[in-house]
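Subject: A structure for you to look at

Hi,

Here is the structure I promised to pass on to you. Have a look at it first, and then read my notes below with the model open beside you.

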Amino acid sequence: MSKALRLPEKWFRRGLWLVAVIFASFLIGLGGLVVGDLPQVESPRSVEDFMAPAQAEPVKAEIQSARAEYDKAGKALESANLKHGTAQARYQSARETFDNWVATRKATARPDQDSELIARTRALDALKQEENASRAAVEQLQESSLQARQRLDAANQRWSELRDGAVPAWRAEMRAIELRVFLLRLAVTLPLLLVAGWLFARQRKSTWWPFVWGFIFFALFAFFVELVPYLPDYGGYVRYVVGIVVTVLLGRAAILALNRYLERQKQQESLPETQRREELGYDVALARLAKGVCPGCERSVDLKDAGIDFCPHCGIGLFDRCGQCSTRKSAFSRFCHACGTPARAGECSASPAADGHV
Ligand SMILES: [Zn+2]
Ligand SMILES: [Zn+2]
């Protein structure tokens with residue numbers, strides 16, 4: 001991959017990076033769907049599934065019947081309370097009427113009213129009895145409601161004990177399911193990561209590099225982002241350990257590449273200038289000049305200074321004069337910018353054939 005200098009080539013390159021990103025996003029979308037479908041292999045379980053049916057069923061039935069009984073007692077109590085209230089009010093008002101009547105009778109003191117007094121007292125007693133009976137009924141219902149409540153509480157207590165007993169088994173099963181899902185995902189994403197690593201090492205500069213990079217992005221995303229939400233503890237370990245390994249491998253490759261580069265530069269600088277010039281690609285030389293560095297050794301040089309014709313670091317010729325018109329021109333240009341004479345005809349030996357080589 002030589003550094004591109006032609007404008008359309010630059011834009012093509014950007015477009016191809018875009019292709020890589022879009023390719024990666026579609027792969028990620030597809031991968032997300034596939035990975036998302038994996039956990040449906042396992043049906044979710046509830047704690048109730050882990051309670052022994054022989055023990056759980058009677059308790060469940062007991063809770064239902066106790067609740068029904070409690071509801072029934074509550075309703076009966078409500079209507080008995082109402083009845084008691086009515087009886088109480090009736091006795092109260094009869095009592096007031098009686099008291100008034102007795103007071104009048106004392107004032108008039110008529111003996112013929114004795115039999116009426118007896119009859120009225122009897123009626124009042126009957127009302128009092130009725131009130132007492134309704135109170136007794138209320139008290140009885142209160143008692144049975146309390147009993148139903150206690151029965152329900154006891155059944156609920158037994159249920160929660162059974163439930164607590166089933167929780168460890170349920171938790172273990174959930175963990176086993178999580179682990180299976182996680183391993184399944186790992187089995188899918190780890191090979192992707194390995195393939196991506198191989199592609200990065202061997203194919204990242206190939207003709208099909210946008211697809212290679214798209215696949216690498218996808219594999220990294222699938223492994224480091226999509227794998228981990230499941231079983232966060234194990235997933236976290238795997239993510240960090242693999243992350244450390246990948247970083248160490250990349251770092252090692254970068255350090256070796258830097259050493260190789262420095263070694264190559266050193267070798268290059270010891271070669272005769274003509275050979276170095278021939279080995280430099282035209283576009284590479286122009287790109288380095290545009291950055292204000294020497295095309296030969298990549299150290300910075302003040303190219304605007306008209307007094308500098310050679311690199312002060314490695315001695316490569318930066319500027320020369322046209323063989324035809326003697327105009328000062330870049331030693332790397334192919335033609336004289338003043339008269340158009342091919343540089344080959346002059347002193348410059350930058351080879352057009354070297355175009356495209358790094
Ligand atoms: Zn130099
Ligand atoms: Zn010229």
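**What I found**

Serine 326 counts as partly exposed, because its relative accessibility is 44%. Please keep in mind as you read that this is a predicted model.

Serine 326 sits in the loop between S1 and S2. Its phi is near 65°, a positive value in a residue other than glycine. That is worth a second look, and here is the background: most residues other than glycine have a negative phi.

Glutamate 298 is another residue to check for its backbone. It is not a glycine, yet it has a positive phi of about 65°. You will find glutamate 298 in the loop between helix H7 (282–290) and S1. With a relative accessibility of 30%, glutamate 298 counts as partly exposed.

Which residues coordinate the zinc ion (ligand 1)? They are Cys294, Cys297, Cys311 and Cys314, each through its SG atom, at 2.1 to 2.4 Å. The arrangement is tetrahedral because the 4 donor atoms around the zinc ion (ligand 1) subtend angles of 105 to 115°. For reference, the ideal angle for four tetrahedral donors is 109.5 degrees. Along the chain, the donors of the zinc ion (ligand 1) have the spacing C-x2-C-x13-C-x2-C. Cysteine 297 and cysteine 311 both lie in the loop between H7 and S1, so this pair ties together parts that are 14 residues apart in sequence.

Are these two cysteines buried or exposed? Cysteine 297 counts as buried because its relative accessibility is 5%, and cysteine 311 is buried too, with a relative accessible area of 4%.

Now move on to the zinc ion (ligand 2). Its donors are the SG atoms of Cys322, Cys325, Cys336 and Cys339, at 2.2 to 2.3 Å. This site is tetrahedral, with angles of 107 to 113° among its 4 donor atoms. The donors of the zinc ion (ligand 2) are spaced as C-x2-C-x10-C-x2-C along the chain. Distant parts of the chain are linked by one pair here: cysteine 322 lies in the loop between strand S1 (319–321) and strand S2 (328–330), and cysteine 339 in the segment after S2, 17 residues apart. Cysteine 322 is buried, at a relative accessible area of 4%, whereas cysteine 339 counts as partly exposed at 35% relative accessibility.

Next, turn to helix H3 (residues 114–202) and helix H4 (residues 209–226). Their axes come within 9 Å and cross at roughly 145°, and the crossing is left-handed. On the H3 side, the residues that make the contact include Leu186, Leu190, Leu193 and Phe200. On the H4 side, they include Trp213, Phe215, Ile216 and Phe223. What is the contact like by class? It has 18 nonpolar, 1 polar and 2 charged residues.

**One last residue**

Finally, find arginine 277, which lies in helix H6 (residues 273–279). Arginine 277 is buried, with a relative accessible area of 6%.

Enjoy exploring the model, and write back with any questions.

Best wishes

Definitions and conventions: Residues numbered from 1 in each chain as written. Chains lettered and ligands numbered in written order. Predicted model: local features only at pLDDT ≥ 70, side-chain atom pairs only at ≥ 80, totals over all residues. Heavy atoms only, no water. Axes fitted to C-alpha atoms, helices over the stretch in contact; angles between N-to-C directions. Helix = DSSP H or I, 4+ residues; strand = E, 2+ residues; numbered from the N terminus. Left-handed = near helix turned anticlockwise from the far one by under 90°. Contact = heavy atoms within 4.5 Å. Nonpolar A, V, L, I, M, F, W, Y, C, P; charged D, E, K, R; others polar. Donors = N, O, S within 2.8 Å, 3.2 Å for Na, K, Ca; no water. Tetrahedral: all angles 85-135°; square planar, octahedral: opposite > 155°, others 65-115°. Buried < 20%, exposed > 50% of the residue type's maximum accessible area, 1.4 Å probe, protein only.
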